[in-house]
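Have a look at the model first.

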2 protein chains.
Amino acid sequence: MSPAQLNGSCRLGKEVCIDCKVRFMSICSALEAHELPEFDVLIQRANFAPRAALFAQDQPADAVYNLTEGVVRLYKLLPDGRRQIIGFALPGDFLGLAMAERYGFSADAVDTVSACRLAREEFAHYLDAKPHLLRRLHEYTTHELSLAQDQMVLLGRRNAEEKVATFLVNWRDRWARLTGKAVTVPLPMSRQDIADFLGLTIETVSRTFSRLGKDKTILIVPDGIRVLDPQRMERLAAA
Amino acid sequence: MSPAQLNGSCRLGKEVCIDCKVRFMSICSALEAHELPEFDVLIQRANFAPRAALFAQDQPADAVYNLTEGVVRLYKLLPDGRRQIIGFALPGDFLGLAMAERYGFSADAVDTVSACRLAREEFAHYLDAKPHLLRRLHEYTTHELSLAQDQMVLLGRRNAEEKVATFLVNWRDRWARLTGKAVTVPLPMSRQDIADFLGLTIETVSRTFSRLGKDKTILIVPDGIRVLDPQRMERLAAA
DNA sequence: CGTTGAGTTGACCATCGTCAACAGGAGTGG
DNA sequence: CCACTCCTGTTGACGATGGTCAACTCAACG
């Protein structure tokens, strides 16, 4: 499947806002039941294969997305190719906050992704008519800003072990909010993705995982980890 | 003057929104002329001596601030005392975006600071009645988020020289927007502040300044620098 | 089976942090 | 007016954390 070219069998008639599984985790929770049909006509379902691009940095920002399924990595590139992942988006997350002419970062699917696509202009006009939705969006944005500030502390002032532990704890908690608590934490993204998120190299991430594994702090399983010593893990993350 | 204890001779009658020098650089630019008097009654002028705290992380967030004068450092502390400065605020900047129960970071005056203080609850209610102000605030927040994402790239993926150069270029440009272009860029904050903003130590910042000085890329002057080779500077910052 | 790509591990090294000494200016008090 | 302290910033020597380079394993896939 080619990147950014898709949605075959979707839009099966049943995929309407009122049935949306992530409605109450997304900005759509601000909408009243009677507003859902009118919102429905604004959105378009889009599916993305693993590694497909939702959008790319500096492209004209003609759409925003509400993620309903899968994991998306958001990243910025320096001219020489260095990459910083600024976040991983999960179902319920809103992409394209900037509402600028062009995207400030790139977004692509880590695994199979579904999202509601809204034309930016249309969405902006709809927002003008719905102050309660704008208010919800603003709350969401300030929350994102707060997470970004936490990430600055992590990138600027924590060592490799603290970075990895913090990442794993945060990811486990986000995952638990979606699917409930589980012993095994899936890690759909690659080691390279984790490294680029934490400001490390792939080797350092790998070594730190191994060390935490030898510690019996975590157990490394295919495509994920199991937290064996949550106490020690949280202590490392809090430090 | 003791921290967080102040405003003596302020509120001289003339200090009303309509005369505000930074009105068009702040979120107040969203207000119509006829709304200024009603906004005026919500605000309270506050002055802060150098090093005084505007507010501290985890304190109840009972006020937000609109900066009118001076420089404020915003920072987070780790339990063991490591500090990450998440930004420097200048006149026109809005502090307390989170609108949460408690402040997510600390803010204190770098030099002499003046600000408009608004009770958070009152401001929230006023926002409910003024969608255009909310909209402006949302634009401001997304801009801050975008800056935070740039800072993540800087912290995660740039070396010391690039960090320092990027900081100086950005600071020069922000300063120029306030006071017009000038050969000398004042640096009211300490080396320690710069280090904690860039995820470096004070020694590395000092050495990098010295090296850029020996290069003739910059000239180090008391409480500031002069950019001698803007081209080279921008090249380092863009890298 | 051979190839490919992700992940792991080891050896070595560079950048930046740590520790320490020192310089210079501001403020204080004899 | 000078001696003294204090504080910030600079510089040097050394070391540790994490990066670089390379070899290797293993699973997936044709």
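The contact takes 39 residues from chain B and 39 residues from chain A, counting heavy atoms within 4.5 Å as contact. Keep in mind that this is a predicted model, in which local features need pLDDT of at least 70 and side-chain atom pairs count only at pLDDT 80 or more, while totals for chains, interfaces and linings use all residues. Residues are numbered from 1 along each chain as its sequence is written, chains are lettered from A and ligands numbered from 1 in the order written, and side-chain values use heavy atoms, with hydrogens and water left out.

**How the chains meet**

- About 3500 Å² is buried between chain B and chain A, and carbon and sulfur atoms give 65% of that; buried area here is the accessible area (1.4 Å probe) lost on putting two parts together, summed over both.
- On the chain B side, H138(B), M152(B) and R157(B) lose the most area to chain A, together 22% of what that side buries.
- The copies meet through the same surface, because 100% of the interface residues of chain B are also interface residues in chain A.

**Links across the interface**

- The rule finds 8 salt bridges between chain B and chain A (a side-chain nitrogen of Lys or Arg within 4 Å of a carboxyl oxygen of Asp or Glu).
- One of them pairs D196(B) with R157(A), at 2.8 Å from N to O.
- Helix 3 of chain B gives the most to the side that touches chain A, with 18 residues (helices are DSSP runs of H or I, at least four residues, numbered from the N terminus).

**Around DNA strand D**

- Of the 14 residues around DNA strand D, A160(A), T204(A), R207(A), S206(B) and S210(B) come nearest; a residue counts as near if one of its heavy atoms lies within 4 Å.
- S206(B) has a polar side-chain atom 2.6 Å from a phosphate oxygen of DNA strand D, and for T201(A) the corresponding distance is 3.2 Å.
- R207(B) has a side-chain N or O atom 2.8 Å from a base nitrogen of DNA strand D.
- Helix 6 of chain B gives the most to the surface near DNA strand D, with 4 residues.

Key: A polar contact is a pair of N or O atoms within 3.5 Å; within protein, one must be able to donate a hydrogen and the other to accept it, and residues adjacent in sequence count only if both atoms are side-chain atoms. Helices (H or I, at least four residues) and strands (E, at least two) are DSSP runs, numbered from the N terminus.
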